[in-house]
Amino acid sequence: MKHDAEFLRHLYRRMISIRLFEEKIGELFLGGELPGFVHLYVGEEAIAVGVCASLTDQDYITSTHRGHGHCIAKGAKIGPMMAEIFGKQTGYCKGKGGSMHIADFSVGMLGANGVVGGGYNLAVGAALAAKMRKSGQVAVCFFGDGASNRGTFHEGINMAAAWKLPVVFVNENNQWASTTPYRTTNNIEDIADRAKGYGIPGVVVDGNDIFAVLETAKAAIDRARAGEGPTLIEAKTYRIKGHFVGDPEMYRTKAEVQKHFDENDPLKNFAHKVIGAKLLKQADLDAIASETAREIEQAVGEARQAPYPDEAELFADLYVEGVK
Amino acid sequence: MKKMTYAEAIRDGIRQEMKRDSAVYLCGEDVGKFGGCFGVTAGLVDEFPGRVLDTPITETAIIGSAVGAAAVGLRPVAEIMFVDFTGVCMDELFNQAVKMRYMFGGKAKVPLVLKTICGGGVAAAAQHSQCMEAWFTHIPGLKTVMPATPADAKGLMAAAIRDDNPVIYIEHKQLLGLGGDVPEGEYLVPLGKADIKRPGTDVTIVAWSWMVHRALAAAEALAKDGISAEVIDPRTLVPLDKDAILASLAKTHKLVIVHEAVRTSGFGGEIAAVAAEEGFDLLDAPIKRVTAPDTPVPFSPVLEKAFLPDEGKIIQAVKELF
Ligand SMILES: Cc1ncc(C[n+]2csc(CCOP(=O)(O)OP(=O)(O)O)c2C)c(N)n1
Ligand SMILES: [Mg+2]
C-alpha cells in the first residue's frame, strides 16, 4: 500500500466522523430532539471520503438529501452542522436549512439538496465557471441510483461531455431509492454503462473499499483538471439504514441488511487492510474514534445550549441588499 | 357514514373509481408496495393488480406519460410525492396536459389527476413544505382541488377522477390523520361548489386546506368575544364558487381571506379582486388577508411557527375590522 500513515489517519478520521455523527443523529432524532427528518449516510462513508481526498477546498461538490457525509468529507465542521440540524442560530445556515440543506461554501460544499437530481446541473455550472476562469478547479456531483433516473442526469452529463467540463459524476448506487429496489426501475445492472452514450469514461468501483474509490476518483479528477472532460463513476454500495430515521423498512429484511453490513462495512474493510499491512494499529484507530466521539459530544452539548434564531431572521437573507 | 381519516378517505375515493372504471390507474414513486410516502395508497396495489405502478424518480415521465395515456383514453391518477417537485414536470402540465384540447380545437381530452401534497408545520424546510396552488390556478384549463376534511377528500377525489379535464388534487400533510364521518358507497363532491364550514353573520372568513381548521378555531374563539364568523371553504379554487362567497358577503359585509401560501400573487389576491369587482357594494370594511409572508419556508421550528398563519393571527385580523 502506497499511502503514508498520516494520510491514512486522515481518511479514517473523516470516515469515523461520518459514522459516529450519523449514529448520534439517529439517536437524537429517535429521542425526539431533532425537528424535521434526517437521512443517514452510514455504510457509504468510503465514497465521499475516498472522492474528496483528491479535492482541495477550492474544488466544488454538490450533494443530496443524504448529505451529512459529503459535508464532513469535504471538510465542513461538525459543530455548525450539528447546530443546523437542531435548527439553531449557530448552525451553518442559521437554522434556516436543516439536515437537507447544509452548505459550506468556504470549503467548496455547494449544498445538500432536497430535490433528487437537483445537483447535476449545479455541478456542471460550477465546472463551467472553473473552465471559463481557467482556475483549474474541479466539481464533483454526488447522486443516488434513484436520482439517475431524473431527466437532469441526461441534460447535465451531456452538456458537460460536449463542453469537456471539469466535472466528475459520482453515483452512489446503494441499491435503494427510498423503498424501491434499484433493479425494479432500471433495466441495466451498471449505471456506469450509460457513459458510453455521452462519449465519456464510465467506471464501476467497489464503493465499500476506500482504496478502490480513491484510485478511481483520483484518475477522474486528474483527467477533469487536465481539461479532458467528465467521468461517470458508479460506486456500488448498500444503504445500511432506513431511507430516513424512523423508516419501518417493511420492504426488506433485517437479515439482508445485516449481511451487507457484516460483509461490506467500509470502516471494517479499511481497518482490516491498514492493520494487515501494518501501517496503522488498532490502537491508532481507537484513539481517533474516541477523539472523534468526544468532538461529537461537544457539538451536541453546544447545539443544545445554542439559541434558536430570532424571529426577525425569518426576513433576513432573502435578497442581497444594495447594488454593486 | 363511516369514521375515516383523511388519508383513508382519499384512498377510498381512488378505490371507488378504480372499481367503477378499469381505465383508471395509479402511478408514482413508492405508491405501490409501500403505499406512498404517507401511506395514502396502501393496499391498492393488491386490490388492483397491474393498475398501480411504482415509477422511477422521474416526475417528467410520470406526468408526461399520464398526459399521453389520458389523451388516448386512460384515466391516470399520477402522484408527485410533494407539490414542491411539480417544478420538475411543469412543462408536461402547463404546456402539454392543459393545452392539448384547446390548441387542437377540441379534438383531445386529457382526464388526468395530478395527486400531490402540500404544506408546512413539520420542519421539512424550504423544498418540502410549500403551498403553490397559485401557480396552478394561473393555468387556464386546469382545475385545482384542495380538500380540508375526510368527506371532501373522498368526494373530491372521485369527482376529480371522473372529470374529463386535467385536475391537480392537493392534499395537506397536517390533515392526513384527521378523522371524520365519510359517506359509504358511491360519493362525489362536485368541483366548483364551496362549503360553509361554520355559519355566521358578522364576518366572512374564506380559507382552504389546513387553514380551514385554523379559521374554525379562530371562529370559535371569536364567538366568545361576540363576533360571529362564517367560515367558507371553496374546496376547489378553480372552478371558484364566487356565488357562495358573495352570498356570504351580502350577509356579513366583511371579508378576511386566509391562506398558508405566501402573500404576493397568492390566490387570496384573486378572491379579494372578485369581492372588489363583484361585491364592492356589499363590503363595509377593507378586505384583509392572513397569509404566510413572502419568504421561503424556514427550517427552524421557531421560524416556521412565525411563518405560518395561525389562530391568533386570524383573530387579530378579524378584530381589526370591528
Ligand atoms: C424530484 C424529487 N422527487 C422525489 C423526491 C423524494 N425522494 C427523496 S429521496 C428519494 C429517493 C432517492 O433515492 P437515491 O437517489 O437512490 O438516493 P438515496 O436515498 O438512496 O441516497 C426520493 C424519491 C425528491 N426529494 N425529489
Ligand atoms: Mg439509492
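Predicted model: local features only at pLDDT ≥ 70, side-chain atom pairs only at ≥ 80, totals over all residues.
A polar contact is a pair of N or O atoms within 3.5 Å; within protein, one of the two must be able to donate a hydrogen and the other to accept it. A:E234 belongs to strand β7 of chain A, which covers residues 231-236. Because its relative accessibility is 0%, A:E234 counts as buried. Neighbours within four places in sequence aside, the residues in contact with A:E234 are A:N171, A:N173, A:E189, A:D190, A:I191, A:A192, A:V203, A:V204 and A:V205.

We turn next to the metal site. The magnesium ion (ligand 2) has three protein donors, lying 2.1 Å from it: OD of A:D145, OD1 of A:N174 and the O atom of A:W176. Along the sequence these donor residues follow the spacing D-x28-N-x1-W. A:D145 sits in the loop between β2 (139-144) and α6 (151-162) of chain A, while A:N174 sits in the loop between β3 (167-173) and β4 (176-177) of chain A, so the pair ties together parts that are 29 residues apart in sequence. A:D145 and A:N174 are both buried.

Ligand 1 is found between chains A and B. It has 21 residues around it, and those that come nearest are A:H65, A:G114, A:G146, A:N174 and B:E59. Several polar atoms of chain A approach oxygen atoms of ligand 1. For A:H65, a polar side-chain atom lies 2.7 Å from such an oxygen. For A:D145, an N or O atom in the side chain is 2.9 Å from an oxygen atom of ligand 1. A:W176 takes part through its backbone, with an N or O atom 2.8 Å from an oxygen atom of the ligand. Taken alone, ligand 1 exposes 580 Å², and the protein buries 97% of that area.

The nonpolar interior comes next. In soluble globular proteins, nonpolar side chains tend to be buried together. The largest nonpolar core here has 71 residues, and A:F21, A:M82, A:V168 and A:F270 are those with the most contacts inside it. Helix α1 of chain A (residues 5-30) supplies the largest share of this core, ten residues. A second, separate core of 61 residues includes A:L314 from chain A together with B:V40, B:V77 and B:V167 from chain B. Returning to A:V168, its contacts beyond four places in sequence are A:V138, A:A139, A:V140, A:C141, A:A220, A:I221, A:A224, A:T231 and A:I233.

Finally, a few backbone details are worth a look. In chain B, a cis peptide bond joins B:V238 and B:P239, with omega of about -5°. B:P239 lies in the loop between β12 (236-238) and α9 (242-252) of chain B. A:E249 is located in the loop between β7 and α9 (254-264) of chain A, and B:A125 in the loop between β5 (113-118) and α6 (133-137) of chain B. With a relative accessible area of 24%, A:E249 is partly exposed, whereas B:A125, at 2%, is buried.

Notes: Residues numbered from 1 in each chain as written. Chains lettered and ligands numbered in written order. Heavy atoms only, no water. Donors = N, O, S within 2.8 Å, 3.2 Å for Na, K, Ca; no water. Helix = DSSP H or I, 4+ residues; strand = E, 2+ residues; numbered from the N terminus. Buried < 20%, exposed > 50% of the residue type's maximum accessible area, 1.4 Å probe, protein only. Core = buried A, V, L, I, M, F, W, Y, C linked by side-chain atoms within 4.5 Å. Contact = heavy atoms within 4.5 Å. Near = heavy atom within 4 Å. Areas by Shrake-Rupley, 256 points an atom, 1.4 Å probe, with all protein chains shown as cover.
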